[in-house]
Amino acid sequence: MSILKERGIKLKNTLPLLPLRDIIIFPYMVVPLFVGRDRSIKALEKAMLNDRLILLCGQKKPNIGDPKEDDLYPFGTLAEILQLLKLPDGTIKVLIEGLARVKITGYLFNKDYLEAVIEEVNEEFQYSIELEALIRNMLSQFEQYVRLCGNLPPEAIASILSIEDPGRLADIITAHLPLKMVDKEEILELADPKQRLEKLVVILNSELEILGVEKKIQGRVRRQMEKSQKEYYLTERLKAIQKELKKDEDFTGEIGELKKQIKQAQMPKEAEEKALKELDRLKKMSPMMAEATVIRNYIDWLIAMPWNMQTKDKLDIKNAQKILENDHYGLNRVKERILEYLAVRKLKSDLKGPILCFVGPPGTGKTSVAKSIATALGRKFIRVSLGGVRDEAEIRGHRMTYVAALPGRIIQSMKKVKSKNPVFLLDEIDKMSVDFRGDPSAALLEVLDPEQNCAFSDHYLEVPFDLSSVMFITTANTLYPIPPALKDRLEVLEFQSYIEDEKLKIAQLFLVPKQLEAHGLKPQTLVFSKKGLLTIIRRFTREAGVRNLEREIANICRKVAKEVVESKKKNLQIEITPDSLHHYLGPPKFRPPEAEQKGEIGVVTGLAWTETGGEVLTTEVVIIPGKGELILTGKLGEVMKESGKAALSYIRSRAKDLGLESNFYKKFDIHIHVPEGAIPKDGPSAGITMATALVSALTNKQVKSNLAMTGEITLRGRVLPVGGIKEKILSAHRAGIKMVILPKDNEKDLIDIPQNVKKKLKLKLIDNMDKVLKLALESVSFNSDIRP
């Protein structure tokens with residue numbers, strides 16, 4: 001009797017259809033399914049509204065998202081929905097039970113879900129001796145299969161073996177076998193239980209053969225492992241016997257070669273003893289052990305280190321000077337320091353390597369100078385970038401016992417360069433940071449200390465390595481991020497921003513020839529005029545170095561190269577002038593520096609320092625009726641705001657001498673503004689500029705034309721020194737200023753100013769604010785003597 005008759009279920013001719021991607025459901029199976037497709041969900045909802053009956057049918061191709069009639073198998077399983085649960089993500093979890101196999105005879109049109117016309121498959125059979133034999137044979141094979149694969153619990157096996165109905169038995173065993181969907185569909189389409197059993201016997205025979213082969217392979221692998229362990233045990237026994245018999249074993253093969261390399265490496269005594277000790281450990285180990293690989297790598301690192309390999313220094317000072325001059329323009333202090341080192345090195349051969357720190361804005365030649373120093377000395381060059389390094393192990397390495405451990409970057413670089421006295425560049429030393437893994441700058445204290453680096457200990461090597469012959473050069477853009485203890489070990493050489501004349505010379509001597517060669521252009525094909533290069537420097541770049549200048553020259557060269565290729569003229573000649581630049585570079589990116597050429601009331605030109613050089617900075621003051629409020633605008637920093645307040649306090653203290661009412665500040669609001677308000681500004685050097693502009697506005701006195709100034713002011717009117725004097729004076733010169741007022745204590749900085757600039761400017765050195773006012777304002781007078 002079928003399960004439909006047992007439960008009194010009357011089969012309908014049409015049912016909603018639920019297509020299955022990768023599973024075939026047989027009668028008597030209870031299976032949970034997760035349904036997410038819209039049409040499938042609607043089919044489930046339709047079935048729940050009627051009698052909970054639904055048709056399950058497998059897809060021929062699982063990857064089809066919206067299957068049609070031709071994509072489904074012709075036979076399916078009638079199922080009853082036992083439980084339905086809607087999940088938060090919109091999918092439905094449904095528990096179904098297979099009832100009977102059915103045949104699909106057609107489909108009805110339904111836009112919401114698949115609906116099929118079905119008829120029940122007759123599964124009646126005649127009991128016979130042959131059928132009994134088939135059942136017993138299949139049960140015997142199934143028991144063997146379960147023993148070999150062991151993926152069914154004992155309770156499930158017992159329940160299966162107790163089934164008497166041959167059709168139900170065949171379906172349940174098929175459901176537990178790892179068969180392809182096509183094979184399961186073939187069994188589903190067989191109505192006769194006898195045919196199903198015959199098909200299953202063939203399948204079980206094939207599965208048993210496969211499982212038997214797998215078992216043989218596993219046994220072979222296990223025996224091979226046992227053999228390796230046996231060989232290792234016998235090897236250890238043999239070593240013990242040889243040791244008892246006091247037979248010296250000759251080093252052969254790899255171990256002997258390693259010992260030979262250790263002797264040839266000329267290591268210090270401590271390092272050699274460590275290497276031989278580890279080699280002895282390696283001899284007693286099986287090559288299959290993981291630790292053997294670790295020890296072998298460690299020995300290889302010790303052998304590869306340049307313990308006694310170094311290049312011979314070139315001590316010809318004239319040749320070194322020639323190389324440095326050919327590679328770089330200017331930078332006289334750096335060149336002089338290298339030549340001094342060569343001179344002392346020639347007199348004293350065991351001189352320790354210096355620890356230099358090149359500090360300056362980007363693009364000023366710090367890294368390239370280090371390469372030129374290596375060339376001048378005849379040494380090898382190695383560079384390590386420290387930007388973003390935040391782990392101490394990057395410098396000192398990891399302990400050998402860690403997985404994939406390696407030495408730090410210092411030792412790795414020394415191995416790579418194969419010399420114990422290279423020029424070693426530690427780039428961007430100010431860009432290191434600290435986190436929970438340690439402070440890399442603390443690890444550098446030993447590396448960059450001439451008194452300690454003769455015995456530098458890396459965590460991986462664990463033996464001292466001599467770094468005293470290395471010439472360490474570090475680079476940084478600014479000094480303040482470098483810890484004081486590390487900064488104390490560095491000899492700082494400052495790379496100042498290039499002035500306009502220096503950029504012009506660098507472009508003429510280095511950048512233009514380099515880019516012409518790089519772009520395949522001849523010098524006579526493309527000529528840069530002096531005025532053209534100056535226009536590029538002034539109107540198309542604004543930087544401390546020359547990187548952007550080189551990019552603009554390369555941009556012109558690319559466009560000229562295109563013109564040369566497209567032109568039919570054989571001897572095309574192009575000259576770059578200020579008028580032709582717009583054709584190659586477009587409109588200018590920056591306006592030229594300008595100063596107030598005409599004297600005005602309440603407007604004074606100041607001077608500022610930036611990383612890209614000096615700038616002229618106008619300070620404006622207006623007096624408006626009010627309640628005595630001081631307004632400071634122009635995105636000023638705290639120090640600059642304090643300078644404005646100090647300037648006002650100075651004027652209030654001198655109100656009587658300046659001819660002002662003692663309570664003038666109560667009747668007016670004073671507004672100080674520094675134009676280009678989007679650019680942050682800070683520093684004390686605008687103190688005297690603000691004071692002069694305030695006095696001019698309050699006394700209605702005009703400021704002299706073509707005048708600029710810089711200096712810090714105190715409450716007593718003293719003028720204090722400031723920084724960036726060279727850059728500031730050069731920016732004043734470019735802006736057409738005729739007179740510059742400077743603090744007297746900055747007189748020492750005038751030695752760096754080019755003579756041609758000094759001749760064109762009147763440089764006034766003052767120490768008192770009263771003197772500044774006499775120089776800067778038209779017809780100013782004081783009611784008392786100027787205070788010292």
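## Guided tour of a predicted model

The mean pLDDT of the protein chain is 83, and 94% of its residues reach 70 or more; pLDDT is the predictor's confidence in each residue, from 0 to 100. Because this is a predicted model, local features need pLDDT of at least 70 and side-chain atom pairs count only at pLDDT 80 or more, while totals for chains, interfaces and linings use all residues. Residues are numbered from 1 along each chain as its sequence is written, and side-chain values use heavy atoms, with hydrogens and water left out.

Select residues 246–252, where pLDDT stays under 50 and the model has 5 contacts beyond four places in sequence; contact means heavy atoms within 4.5 Å. Next select residues 783–788, where pLDDT also stays under 50 and the model has 16 contacts beyond four places in sequence. Where pLDDT is low, the predicted coordinates should not be read in detail.

**Strand β5.** Select residues 92–108, which form strand β5, and centre on T105 within this strand. Helices (H or I, at least four residues) and strands (E, at least two) are DSSP runs, numbered from the N terminus. T105 counts as partly exposed because its relative accessibility is 46%; buried means under 20% relative accessible area, exposed over 50%, and partly exposed in between (1.4 Å probe, protein chains only). Leaving aside neighbours within four places in sequence, display V117, I118 and E119, with which T105 is in contact.

**Helix α7.** Move to residues 193–244, helix α7, where V213 is found. V213 counts as partly exposed because its relative accessibility is 46%.

**Helix α20.** Select residues 547–566, helix α20, and locate E552 there. E552 counts as buried because its relative accessibility is 9%. Beyond four places in sequence, E552 is in contact with I536, F540, T541, L585 and K589.

**Cysteines.** Finally, select C57, which is buried with a relative accessible area of 1%, and C557, which is buried with a relative accessible area of 0%. The structure holds 0 disulfides (pairs of cysteine sulfur atoms within 2.5 Å).
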